[in-house]
Amino acid sequence: MIELIRRVAESAGDREAIVTGQVTTYAALLARSEAAAAALAGRGVTRFAIADHEAEVVLPLLAAASAIGAEACVLPPDPPAVLAELLGRFEQPVLVTDRADLADLEVTAYSSTELFGAPAAIGTETAPARPHLVLTTGTTGAPRGVRHDWARLLRGVRRVQPAPDERWLLAYGLHQFAGLQILLHVLAAGATLVAPAPRRPREGLAAMREHHVSHASATPTYWRFLLAELTSDGGAVPQLQQITLGGEAIPGPLLAQLRGTFTQARVSQVYAGSEFGSTGSTRDGRAGLPASVLNRPEDADVAFRIDDGELWIRSRTGMLGYYGEPPVDPDGWRATGDLVDLDGDRIVFRGRASDIINVGGVKVHPLPIEERVAAVSGVALARVYGRPNAMTGTIVAVEAVATPGADPDLVKNAIRDACADLPDAARPRSVRIVDEITTAGGKIVRRTDV
Amino acid sequence: MTAAAIEKTVVDFLTRTKKLPTDFHVEMNLYADGVGLDSLETAELSALLEDEHGEDPYSSGTMPQTLAEILAFYAAGAQA
C-alpha cells in the first residue's frame, strides 16, 4: 500500500493527501510512513494494533506496516476495557496509540510521535508476505479478525484511474473494511481524502461544505441521517459529483431521494465485505446488482452465484481466513450472508440471513417492512428488528424516529396502517417512537434483542 | 401504576385491533370464545403492557385468562 503513496509523492509531492483540521501532503505522508516503517522494523515489531483514528496518523502506520510486512490492525473507537479485551483476544503484542486513557493497558505501547520522528532508512522493496488484519463490526456477535494480504487488497484497485481533483469524504472508520476500501481507492487515484472527526453524518455534512468534497461513499443509514441533517439545518446542498452507497441493502426510495437532492451527482453502489473484499461498483442507479454478474468467466477476479436464495462470491481480492482459525481457500466460493432474489435482469437484496426474524416458526425479512415504515409521513428514520416475546419467541418490532413536530401517536398509527396488509407474522406488533436508532459501523442493527 | 391505567391499556389495544366486544368485562376470557385474541395479538398485548407498565404477566411465565388476572398480576407486584 505504501507503493500507492510513493507513486504520487514522487510525481506530485505537494498534492493534498489528507485534509482534516490540517493538510497532509503526499510527500509528508510518505515521509511519515517511511519513518514509522524504519522505527517499527528497528524495534522488531511484526504485529501491532492501532488505537487512534485520525487519518493523518492511521494512514502512515498502515503504509509502514505494508512496507515491512508487519500485520497492523486498527481497533474500533471503544473504551479502554473493550480495547483490552480485543488486544487479548487477538493476541496483540504491541499497541500504537496517542490516547492517554490507554496508558494502563498491559501491552508494549508506542506513540505515533516517536515512530514518525524516527530517522527513515528503508528500501523501496516490499516484503513478500504483507498481512493485514481487519476486525468485523460485530453486528452479528463478537468481532472476528479477518486476515488479508495487501497484495490481494491492492488487486481490487488496480483499475482505478488517476483522478487528482477528486476529494473523497471518509465517512467510515478506518478500522472498518469499507474505510480501508475508500483509503485504497483515494491513494490509487492520487486523490484527496477529507476525513472529519468524528465520522458522523453531521460532521460529514460540514466537511462536505467546508472542504469542497466531490465524492462521498457511505452506508444507506449514513445517507438517511445526512439527508435528515440537511433538511434540519436548511443549509446549502453540497455539490457532490458522486454518491456511493454500500454496506447494507439499498432501498430504491433512498436512491430516488438522493438523486432528487444531489442533482449533479452520479449515484453508484458498491458491494463489498470484510471477507470477500471489493466486487466493483454499479452505476445504473437501480437498487441491487445486474444479473449479468452471474455470467462472469471462470478466471474473473470476482464471480457470483446464487445458492438457495443466498449470494455466494469467489474473490481473488478476499481474505485468507479468520484469525485463530485454519486458513480458507482464498480463491474458493464463500457464502455472503446476503439473501437475494433474481428479479428479471436484477439481483435484488432482501436482507441479511442473520437479520431474519423467526416469528413462531415463520421467517420474516425485516428490510421490506423497514422500507414501508421509512416511507410513512412523519418518519425520519426506522429500524425493524426481532423483539423477544414469551408468546411467539419473537415479534416484528419497529423503532422510528419522528420528524420534528410530528405527533408520535399519529405516526405510530400511520405505521400500523402502512403495514396492515402484511401477513400476520410480518405485521409489526411493537411500534415505538424513539429519539435515535441503534447503529454499529454506520449500519442499522437489526438483530434480535438489541 | 393504577388498575385504571392498566385497564385503559388493554381496552385501547382491543379497540385499536377491533377486538373489543360490546359486552366486554374484566372476567371475560381473552381468547377463544371470549375476546378471541390469537397468539400474535396476545404477543402484541404483552409487548404493549411491558412498554407501558415496565413488565407484563406473559413474560413472567403466566398466562392470564382475563383482564382481571392481568390486573391481579400487577396488584401482586405492587404488594411485593
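## Basis of the description

Because the model is predicted, local features need pLDDT of at least 70 and side-chain atom pairs count only at pLDDT 80 or more, while totals for chains, interfaces and linings use all residues. Residues are numbered from 1 along each chain as its sequence is written, chains are lettered from A and ligands numbered from 1 in the order in which they are written, and side-chain values use heavy atoms, with hydrogens and water left out.

## Helix 1 of chain A

Helices (H or I, at least four residues) and strands (E, at least two) are DSSP runs numbered from the N terminus. Helix 1 of chain A spans residues 2–12, and its buried residues are I2(A), L4(A), I5(A), R6(A), V8(A), A9(A) and A12(A). Here, buried means under 20% relative accessible area, exposed means over 50%, and partly exposed lies in between (1.4 Å probe, protein chains only). The cover over these buried residues includes helix 2 (26–42), helix 3 (55–68), helix 6 (150–155) and helix 7 (177–189) of chain A.

E3(A), also in helix 1 of chain A, is partly exposed at a relative accessible area of 28%. Its side chain meets that of R130(A) in a salt bridge (2.8 Å, N to O); a salt bridge is a side-chain nitrogen of Lys or Arg within 4 Å of a carboxyl oxygen of Asp or Glu. R130(A) lies in the loop between helix 5 (112–116) and strand 7 (131–135) of chain A, so the pair ties together parts that are 127 residues apart in sequence. R130(A) itself is buried, with 5% relative accessibility.

## A buried arginine in a loop

R316(A) is found in the loop between strand 17 (310–315) and strand 18 (321–322) of chain A. Its relative accessible area is 19%, and it counts as buried. The side chain of R316(A) reaches the backbone oxygen of A300(A) at 3.4 Å. This distance falls within the limit for a polar contact, which is a pair of N or O atoms within 3.5 Å; within protein, one must be able to donate a hydrogen and the other to accept it, and residues adjacent in sequence count only if both atoms are side-chain atoms.

Contact in general means heavy atoms within 4.5 Å. Leaving aside neighbours within four places in sequence, R316(A) is in contact with R152(A), R155(A), E298(A), D299(A), A300(A), D301(A) and D331(A).

## Helix 12 of chain A

In helix 12 of chain A (residues 408–418), the buried residues are V411(A), I415(A) and R416(A). They cover an arc of only 140 degrees around the axis, which puts them on the same side of helix 12 of chain A; the arc is that of the directions from the helix axis to the C-beta atoms. On the other side of this helix, D409(A), L410(A) and D417(A) are exposed.

The N-terminal end of helix 12 of chain A is capped by D407(A), a side-chain oxygen of which lies 2.8 Å from the backbone nitrogen of D409(A). Both chains take part in covering the buried residues: the cover includes helix 11 (366–374), strand 23 (379–389), strand 24 (393–402) and strand 25 (430–433) of chain A, together with helix 1 (3–16) and helix 2 (39–53) of chain B.

## The contact between the chains

The size of an interface is often given as the accessible area lost when the parts come together. Chain A and chain B bury about 1,200 Å² between them, 58% of it on carbon and sulfur atoms; this buried area uses a 1.4 Å probe and is summed over both parts. In chain A, R387(A), M391(A) and R429(A) lose the most area to chain B, together 49% of what that side buries.

Four salt bridges are found across the interface of chain A and chain B. R429(A) forms a salt bridge with E44(B), the closest N and O atoms being 3.1 Å apart. R387(A), R432(A), E50(B) and D51(B) are linked in a network of salt bridges.

## Other salt bridges and cysteines

Over all chains, the salt bridges come to 28. One of them joins the side chains of E203(A) and R200(A) (2.5 Å, N to O); E203(A) is buried at 17%, whereas R200(A) is partly exposed at 47% relative accessibility. In chain B, D12(B) and K8(B) form another (2.6 Å, N to O). These two residues are four residues apart in helix 1 of chain B and are therefore separated by about one helical turn.

The count of disulfides over all chains is zero, a disulfide being a pair of cysteine sulfur atoms within 2.5 Å. C73(A) is buried at 1% relative accessibility, and C419(A) is buried at 0%.

Note on methods: Buried area is the accessible area (1.4 Å probe) that two parts lose on being put together, summed over both.
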